[in-house]
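Take a look at the model below. We will walk through it step by step, from side-chain pairs to the packing inside.

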Amino acid sequence: MCLICQRIELIKKGENPYFVKELETGYLVVGDHQYFAGYSLFLAKEHVTELHYLEKKTRLRFLEEMSLVQEAVAKAFAAEKMNIELLGNGDAHLHWHLFPRRAGDMNGHGLNGRGPVWWVPFEEMTAEPYQAKTDEIKRLVECLSSELDKVLEIKE
């Protein structure tokens with residue numbers, strides 16, 4: 001079983017503290033590291049490796065829900081810009097990385113402190129000081145859940 005499927009199983013058992021909300025096509029979770037404050041992920045319910053493997057109706061709904069999720073992340077965490085990526089090279093299961101961005105958040109990486117999130121070395125981004133602690137996880141989940149409820153109420 002892939003790592004993302006394992007995390008989804010924990011959600012289903014009520015044992016994933018990062019879980020924010022279930023949508024029709026996926027699960028919203030906050031990231032276990034918070035180098036970029038508010039980093040979240042949207043995990044596809046279906047275990048597929050590429051968007052084009054989803055049935056058209058599901059694919060369009062997944063993309064629509066991702067856009068609603070990114071809006072909620074942006075609002076919940078006061079993003080000046082959002083970086084959104086669907087990679088799957090490490091975990092071959094559709095999942096979006098949602099990074100709220102703010103001026104100066106590269107901590108000396110990039111050009112003039114600006115650039116894509118992946119210019120921060122992975123080991124630094126996931127280092128112990130940036131691992132989300134229990135109280136922080138609860139705060140992030142509550143904040144994002146509340147904002148997503150507002151976005152869904154307005155948009156749907």
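Is lysine 75 buried, exposed or partly exposed? Lysine 75 is partly exposed, with a relative accessible area of 46%.

Some ground rules come next. This is a predicted model, in which local features need pLDDT of at least 70 and side-chain atom pairs count only at pLDDT 80 or more, while totals for chains, interfaces and linings use all residues. Residues are numbered from 1 along each chain as its sequence is written, and side-chain values use heavy atoms, with hydrogens and water left out.

Stay with lysine 75. Its side chain meets that of glutamate 71 in a salt bridge (2.8 Å, N to O). A salt bridge here is a side-chain nitrogen of Lys or Arg within 4 Å of a carboxyl oxygen of Asp or Glu. Side chains of opposite charge can pair when their charged atoms come close. Lysine 75 and glutamate 71 are four residues apart in helix 2, so about one helical turn separates them. Helices (H or I, at least four residues) and strands (E, at least two) are DSSP runs, numbered from the N terminus. Glutamate 71 is buried, at 17% relative accessible area.

The structure holds eleven salt bridges. Another one joins the side chains of arginine 7 and aspartate 32 (3.3 Å, N to O). This pair links distant parts of the chain: arginine 7 is in helix 1 (residues 3-12), aspartate 32 is in the loop between strand 2 and strand 3, and they are 25 residues apart. Arginine 7 is partly exposed at 32%, and aspartate 32 is partly exposed at 22%. Arginine 101 and aspartate 105 also meet in a salt bridge (2.8 Å, N to O). Both of these residues are buried. Salt bridges with shared partners join Glu24, Arg61, Glu64 and Glu65 into one network.

Now turn to the rings. The structure holds eight aromatic pairs. Rings of Phe, Tyr and Trp (its six-membered ring) pair if their centres lie within 6.5 Å; planes under 30 degrees apart count as stacked, over 60 as edge-to-face and the rest as tilted. The rings of tyrosine 39 and phenylalanine 99 have centres 4.6 Å apart and planes at 20°, so they are stacked. Tyrosine 39 lies in the loop between strand 2 (26-30) and strand 3 (40-44), and phenylalanine 99 lies in strand 5 (residues 95-101), so the pair ties together parts that are 60 residues apart in sequence. Tyrosine 39 is buried at 4%, and phenylalanine 99 is buried at 0%.

A second example is phenylalanine 42 with phenylalanine 62. Their ring centres are 5.4 Å apart and their planes lie at 20°, so this pair is stacked. Phenylalanine 42 sits in strand 3 and phenylalanine 62 in helix 2 (residues 56-76), 20 residues apart. Ring pairs also link Tyr35, Phe36, Tyr39, Phe99, Trp118 and Tyr130 into a cluster.

Strand 3 runs antiparallel to strand 2, with five bridges joining them. It also runs antiparallel to strand 5, through four bridges. Two strands pair if DSSP finds at least two bridges between them. Across from leucine 43 in strand 3 stands tyrosine 27.

Finally, consider the packing inside. A nonpolar core is a set of buried Ala, Val, Leu, Ile, Met, Phe, Trp, Tyr and Cys residues joined through side-chain atoms within 4.5 Å. The largest has 29 residues, and Phe42, Val69 and Leu144 touch the most other members. Strand 2, strand 3, helix 2, strand 5 and helix 4 (134-155) each give two or more residues to this core. Helix 2 supplies the largest share, eight residues. Apart from this core lies another, of 15 residues, among them Ile11, Val29, Phe36 and Phe99.

Technical notes. Buried means under 20% relative accessible area, exposed over 50%, partly exposed in between (1.4 Å probe, protein chains only).
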